[in-house]
Structure formats: C-alpha cells, structure tokens
Amino acid sequence: MDAFYASVEQHDEPSLRGKAIAVGGSGNRGVISAASYEARKFGVRSAMSSIVAKKLCPHLIFVKHHFDRYKEVSQQVRKIFLEYTDLVEPLSLDEAYLDVTNNKKGNPSATLIAKEIRTKIFEKTGLTASAGISINKFIAKVASDYNKPNGQKTVPPDEVIEFLEKLDIKKFYGVGKVTQKKMYALGIYTGIDLKSKSEAFLEERFGKSGPHYYRIVRGIHNSEVKPTRTRKSVGAERTFSENLASEIYMEERLKDLSEELERRLLKSKTAGKTITLKIKYSDFTVQTRSKTLALFISDAGLIFEEAKTLLYQEKIKNSVRLLGLSFSNLNNQVSKKKVREDKKVDVQLEFRF
C-alpha cells in the first residue's frame with residue numbers, strides 16, 4: 001500500500017488531501033510513523049523525529065494514529081488477496097507476498113493479476129497500492145518500490161540478471177544505510193559491482209550476510225511464500241516525555257514494560273528464553289543487551305528481575321529517551337537441529353525403500 005497510514009487519514013478526512021501530513025506525535029519527543037507523499041517531497045520520512053520533520057517541512061500537519069482503522073482496511077485488502085490465492089504471507093498491515101503460480105482465477109499472467117488486484121483495492125478502499133512481480137520474493141519486493149506510488153513493475157525471468165546488475169546497491173532489499181556505506185567504500189555501487197565479488201570476499205567482510213548477497217545478485221532466493229509465519233519475537237518499548245538519567249527511574253519503567261510484555265506473551269500463547277533490553281540514548285544512539293535463560297518464561301516478575309540484571313550489566317552511557325524489552329527464542333519454534341534430524345531420517349527411509 002502507498003504511504004498507508006497517511007493515505008488512510010487523507011482518505012477519511014478530505015481536508016487533508018493534497019497536503020503534507022505526518023502520522024505521529026507533534027511534540028518534542030514525537031516520532032513520525034508515516035508521511036504522505038506531499039511531505040516526503042521535503043524529506044520527511046518514517047522513524048524521523050518530529051522536530052527534524054518540522055524543520056524540513058514547516059507547514060507539516062500532524063495526525064494522531066488510528067490503528068483500529070488501519071487494521072480494518074488491511075483486512076479488506078487481505079480478503080481481496082484471498083480471492084486469488086491462499087498463499088498470502090503478510091509482512092505488516094500494508095504489505096504482503098502472494099504466490100499466484102496456481103491461482104483461483106486460472107489467470108496465467110501475474111502482471112494482469114497484480115493490475116486487477118490493485119484496481120479492486122482502489123474500488124473497495126479508495127486507496128492506491130503498488131506491486132512488484134517476478135520469479136521470487138526478493139526481486140518482487142525490490143520491484144514493488146520501482147514505480148511507487150500507484151504503479152507496478154514486472155521483472156520477467158529473462159530480464160532478472162540485467163535488472164539486478166543495473167540496480168543501485170541501496171535499492172537492494174535488506175541493504176541498510178550502514179551496509180550501503182560499507183559497500184560504497186569497497187567500490188560496490190551497483191549489482192554488477194556486487195556480482196564481481198567472490199562469495200569468500202563478501203563473507204569475510206559481511207559475515208553471514210555475505211553468501212546471501214552473493215546469491216541474490218544472481219537472482220537466487222528460494223524462500224517460499226508462507227501463509228502462516230511463526231512469530232519469532234515479542235516485545236514492548238516506550239519513549240519517555242523526559243530523558244531518564246538514573247537507573248532507579250528506569251527500574252520503574254522496566255516494571256511497567258515487564259507487565260506489558262507478559263500480556264503480549266500470554267496473548268500470543270508463547271514464552272521466551274532470550275531476553276533483550278533496548279536502550280536509546282538522548283543522542284539517538286541505540287544499545288542492546290541480551291541474555292539467554294535456561295528456561296522459557298512469561299511471568300512479569302521474572303521478566304522484571306532479568307531486565308534489571310541487564311540494566312545494571314554496565315553503566316548507562318548517557319540519559320535515556322527510550323527503553324524496550326523483547327523476547328526471542330520463543331517456545332513456538334522447532335529447533336533447526338531437530339528439523340535437520342527429521343530430514344536425515346526421511347532421506348534414509350526413502351533410500352531404503
């Protein structure tokens with residue numbers, strides 16, 4: 001969906017249409033969740049502080065979140081997807097992967113299906129959507145940003161390599177600003193530059209991500225569209241109205257976060273082993289501290305005790321504007337070792353028969 005939160009607000013309130021708006025708090029501690037395309041022309045982006053956004057766009061209009069409304073529209077869009085295929089993998093309220101290889105309409109053209117879906121979304125919701133169509137999830141994702149807003153891009157099999165070779169490295173999905181700078185420093189500006197590097201070279205400089213970069217620039221990405229995605233983490237965080245300089249005050253906030261995290265774990269019917277404390281300082285630098293426990297937990301009291309341990313693990317570097325607590329390594333995940341063992345048994349059985 002195009003500028004989803006902002007577009008919903010403009011659709012529901014006609015006086016906001018054609019204007020630079022931002023969804024989020026307008027105060028000194030506010031953060032932008034979404035910006036309309038009119039605001040983006042001035043450099044306003046999601047995750048930007050409201051102070052910076054107002055400097056870039058003095059006439060920016062701030063609008064409060066209406067998450068129930070966003071969920072309602074998201075469900076309407078999801079129903080349209082399901083008219084074409086059951087293989088729908090949601091990434092968020094406003095984005096999803098669809099596998100239309102074998103679709104309910106019997107339409108052999110993914111390009112025409114995308115166009116039809118975008119038309120239905122507009123007729124149902126009054127909002128525009130963009131689409132990327134290609135041979136795998138990675139290329140489709142990259143292509144979906146190519147003709148935004150209200151457009152689509154198809155990369156057919158015989159054009160995949162040329163498309164990737166010409167692509168600026170910053171447009172590769174998963175390459176963030178830090179990695180982009182690192183690649184630029186190595187003389188990697190486009191896909192063809194990346195393709196010229198060996199797998200060993202990339203692994204040495206980018207660790208586990210190196211082999212991934214080596215494959216995707218060659219159009220290799222074998223991840224299937226998964227309708228049911230296993231939740232990998234559960235978390236909660238809070239930005240404070242004033243910076244916190246003392247661990248004593250932080251303890252109080254961590255207790256509240258522990259109770260919120262317990263509620264979310266219970267709601268998702270999970271418990272976790274690896275707890276992570278996120279600390280965002282007043283200068284916007286972020287630090288994380290993690291610990292893996294012997295047992296799965298979901299009790300607020302136990303969470304709070306572990307959170308305090310992480311808080312006092314080392315001295316706080318500066319005053320703190322945000323604290324977050326999250327659990328990963330949840331008890332809803334089958335271990336990779338177990339999966340590998342099961343696969344070995346299957347192979348042995350097949351050969352024996």
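User: Is Lys278 buried, partly exposed or exposed, and at what relative accessibility?

Analyst: Keep in mind that this is a predicted model. Buried needs under 20% relative accessible area and exposed needs over 50%. Lys278 comes out at 25% relative accessibility, so Lys278 counts as partly exposed.

User: Which side chain does Lys278 meet in a salt bridge?

Analyst: Opposite charges can pair when the charged atoms come close. For Lys278 the N to O distance is 3.2 Å, and the cut-off is 4 Å. The partner in this salt bridge is Glu237.

User: How many residues apart are Glu237 and Lys278?

Analyst: Glu237 sits in strand E8 (residues 233-244), while Lys278 belongs to strand E9 (residues 272-281). The pair therefore links distant parts of the chain, and Glu237 is itself partly exposed at 39% relative accessibility. The separation between the two is 41 residues.

User: What about Glu95 and Lys141: how far apart are the closest N and O atoms?

Analyst: These two form a salt bridge. Glu95 lies in strand E5 (residues 95-98) and Lys141 in helix H6 (residues 137-144), so the pair ties together parts that are 46 residues apart in sequence. The closest N and O atoms are separated by 2.4 Å.

User: Where does Glu204 stand: buried, partly exposed or exposed?

Analyst: Glu204 and Arg205 meet through their side chains in a salt bridge, 3.5 Å from N to O. Arg205 has a relative accessible area of 28%, so Arg205 is partly exposed. Glu204 reaches 63% relative accessibility, and therefore counts as exposed.

User: Which residues form a nonpolar patch on the surface?

Analyst: One of the members is Leu56, placed in helix H3 (residues 50-56). Leu56 has 37% relative accessibility, so it counts as partly exposed, and a patch member needs over 30%. Together the members have about 230 Å² of accessible area, and they are Phe42, Val52 and Leu56.

Conventions. Residues numbered from 1 in each chain as written. Predicted model: local features only at pLDDT ≥ 70, side-chain atom pairs only at ≥ 80, totals over all residues. Heavy atoms only, no water. Patch = residues over 30% accessible without salt bridge, like charges linked within 9 Å, V, L, I, M, F, W, Y side chains within 5 Å. Areas by Shrake-Rupley, 256 points an atom, 1.4 Å probe, with all protein chains shown as cover. Helix = DSSP H or I, 4+ residues; strand = E, 2+ residues; numbered from the N terminus. Buried < 20%, exposed > 50% of the residue type's maximum accessible area, 1.4 Å probe, protein only.
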